[in-house]
Amino acid sequence: MSTSGSSGSLPQKGTVVQIASYNTNLQGDLGVPQDLVDWLSPTLTVSNFLTRAPNAPDIVAVGFQELLPLHLGFSGLSRSVIRSRDALIRSQIEAHAPNKERYTLVAREVFVGVALLVYAQDSGIGRRVCDVQTIWTGCGPAWLGNKGAVGVRFRVRGQDGGSGEVFTFVNAHLTAHARNIAQRVADWKHIVRTLVFPSLSHSPGKVVNTTIYNTSHLFFLGDLNFRLDVPPAHPLRTLPDFIPRISALLDTERGREELKEFDQLLIERRKGTVFPGLWEPEFWRFKCTYKFKTGQVDQYSEKRVPSWTDRILYASHVDSPDRSRVTPLLYTSVPSYTTSDHKPIVAVLYAPDPYGFMKRYIGKGLGRILGLFWCIFVMLGLGNAAFGLANALFSIGAMTWWRKRTVDAV
């Protein structure tokens with residue numbers, strides 16, 4: 001399992017969010033194995049980044065694309081499949097939780113083949129979840145749901161009883177094929193325009209719709225279908241074994257870092273045409289997740305150029321224009337799953353205490369003021385701060401007495 005993450009120490013406060021995405025290649029109940037530990041329990045390997053004791057994530061979001069054959073999805077049979085997935089997923093994350101944590105299903109939403117399930121830990125955030133909303137939209141021809149997105153939004157009340165924060169999760173499946181990049185950009189814009197939620201703070205009797213950006217934290221996942229598009233003039237393109245050469249480059253981190261410059265999503269994000277304000281960890285740390293030969297752990301199909309089609313992006317209200325304050329602890333693919341031509345991906349993200357940065361600067365400022373006065377007292381006391389404080393108080397008292405006497409004399 002290849003990973004991309006951070007090993008820096010983090011404070012215990014904040015929210016750990018685990019996000020998993022998998023295009024199951026239209027296989028219905030056969031699309032995932034019964035043992036999901038490799039995919040849904042990576043927090044066991046990263047929990048020590050937060051504390052010395054293992055800790056399960058506060059929120060778990062699981063997204064599927066191509067959940068079942070299209071004719072069954074269009075017929076409305078997706079919901080029975082997603083109910084069985086819910087039972088399997090919850091049993092797996094609870095079975096492998098380091099402290100036997102229990103989880104509540106916050107919400108699930110499915111539209112044709114795109115499905116999203118979000119869970120919260122019973123002993124923590126799960127108790128404070130409220131105002132749960134779900135929504136869906138289609139991006140296919142005539143707005144059909146063969147491509148589209150589903151969303152889940154909810155509020156987590158503050159531990160002090162305040163309004164807390166709003167979390168929004170979106171799972172999407174965008175238009176396929178390398179040549180259709182303009183349509184993928186159009187899909188993104190359509191999702192932002194039509195995947196709208198009723199405002200959580202609107203006045204009674206008045207409905208105000210809000211976009212996916214009207215939130216404290218936004219997590220966007222799915223098969224976004226952006227491809228590795230090596231220009232025709234590139235020397236690799238002239239080789240008869242072009243795809244095997246690409247596959248060989250993907251075996252090394254240096255090769256992947258070189259190939260990432262041809263990633264359509266990275267190029268479009270740099271141009272500002274898609275996902276403005278969202279961030280992504282270093283996706284090139286793991287190999288392309290599509291297109292594999294089914295039944296094979298590490299063998300790409302020669303019918304398509306390998307690509308990082310499956311992605312996870314995020315944004316937070318505490319972000320600054322030049323950096324995100326959300327810390328990626330893990331971002332990886334799971335090669336061992338072989339029932340689909342995609343590999344599942346998973347990310348573990350740490351969203352900090354929303355007021356943590358403010359508290360740090362307030363503490364720093366107060367510390368400077370305290371240090372300044374302390375230095376003065378030490379100097380007045382010839383090295384003894386207590387004697388210096390006594391000298392300062394005596395001096396202030398003497399000055400006050402002298403001023404009062406002078407005023408009385410006049």
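**View 1. His190 is a buried residue of helix 5**. His190 counts as buried because its relative accessible area is 11%; buried means under 20%, exposed over 50%, and partly exposed in between (1.4 Å probe, protein chains only). The model is predicted: local features need pLDDT of at least 70, side-chain atom pairs count only at pLDDT 80 or more, and totals for chains, interfaces and linings use all residues. Residues are numbered from 1 along each chain as its sequence is written, and side-chain values use heavy atoms, with hydrogens and water left out. Helix 5 covers residues 181-194. Helices (H or I, at least four residues) and strands (E, at least two) are DSSP runs, numbered from the N terminus. Leaving aside residues up to four places away in sequence, His190 touches Thr137, Gly138, Cys139, Trp143 and Leu195. Contact means heavy atoms within 4.5 Å. Gly148 lies 42 residues from His190 along the chain, and their C-alpha atoms are 9.2 Å apart.

**View 2. Phe74 belongs to a nonpolar surface patch**. Patch residues have over 30% relative accessible area and no salt bridge; like charges are joined within 9 Å, nonpolar side chains (Val, Leu, Ile, Met, Phe, Trp, Tyr) within 5 Å. A salt bridge is a side-chain nitrogen of Lys or Arg within 4 Å of a carboxyl oxygen of Asp or Glu. Phe74 sits in helix 3 (residues 70-74). Its relative accessible area is 42%, so Phe74 is partly exposed.

View 3. Two strands pair if DSSP finds at least two bridges between them.

**View 4. Strand 11 is mostly covered**. Seven of the seven residues in strand 11 (residues 310-316) are buried. Asp310, Ile312, Tyr314 and Ser316 point one way; Arg311, Leu313 and Ala315 point the other. Seven bridges join strand 11 to strand 10 (residues 217-223) in the antiparallel sense. Leu221 stands opposite Ile312.

Conventions:
Accessible areas come from the Shrake-Rupley method with a 1.4 Å probe; for residues, only the protein chains shown count as cover.
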